[in-house]
Amino acid sequence: GTAMSGEVQELGHLVLYVRDLQRSVEFYQNVLGWPLISPSVPGMPAAAFSGGRTHHELLLIEVGPTAAPIPAGRRIGLYHFGLKVGDSDDDLRAALARLVEADVPIIGATDHNVTHSLYISDPDGNEIELYIDVPGVDWRNDPMALLAPARPLSL
């Protein structure tokens, strides 16, 4: 349905602190193929990315090598964010080939019924789900489709 005035309409963007901006730009731009939209501004170590849906979908801000790492194990906060890479397993296989070529470890692969998903980490340890929407799944009219049991994914 349509959101009423002042209600949330969509997730607009994510902002991540990173240790090394160049390393992260290389990952998001070259490994994942996310278009970099911001020129680098002297004195402001930040970079913005967008697939064209909105002005920026991801903003990276460099905080330097001494910043505290993401704690290991069970913790409160962000678990992962999902990035859509297409609408077919062929699109997901193409993403997988890019990851393999760049030596990015795959930490999970799951058939979620509505999506087929690969899980990876960025250079700072932020977990990312790369997924395709499975054709023909009517999640709008079948909300339980999202809660179907997860199965291992084979590509």
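This is a predicted model: local features need pLDDT of at least 70, side-chain atom pairs count only at pLDDT 80 or more; totals for chains, interfaces and linings use all residues.
Residues are numbered from 1 along each chain as its sequence is written. Local features need pLDDT of at least 70 and side-chain atom pairs count at pLDDT 80 or more, totals for chains, interfaces and linings use all residues, and side-chain values rest on heavy atoms, without hydrogens and water.

An open sheet of mixed pairing is formed by five strands in the order β4-β7-β6-β5-β8 (strands are DSSP E runs of at least two residues and helices H or I runs of at least four, numbered from the N terminus; two strands pair if DSSP finds at least two bridges between them). β4 and β8 (151-152) each have a single partner strand, so one side of each is left without a neighbour in the sheet. Five bridges join β4 and β7 in the parallel sense, and G86 stands opposite I132 in β7. Helix α2 packs on this sheet, touching β4, β6 (115-121) and β7 (contact means heavy atoms within 4.5 Å).

The largest pocket holds about 710 Å³ of space. Here a pocket is an open set of points on a 1 Å grid over the protein atoms alone, where a 1.4 Å probe fits, with protein on both sides within 12 Å along at least five of seven lines; lining residues have an atom within 4 Å of a point. Volume is the space filled by probe spheres set on the points, which are joined across faces, edges and corners. Of its 24 lining residues, W34, E57, G82, L83 and K84 are the closest to the centre.

The second largest pocket has a volume of about 310 Å³. Its lining includes G82, H112 and W139, and β7 gives the largest share, three residues.

Note on methods:
Axes are lines fitted to C-alpha atoms, for helices over the stretch in contact, and angles run from 0 to 180 degrees between N-to-C directions.
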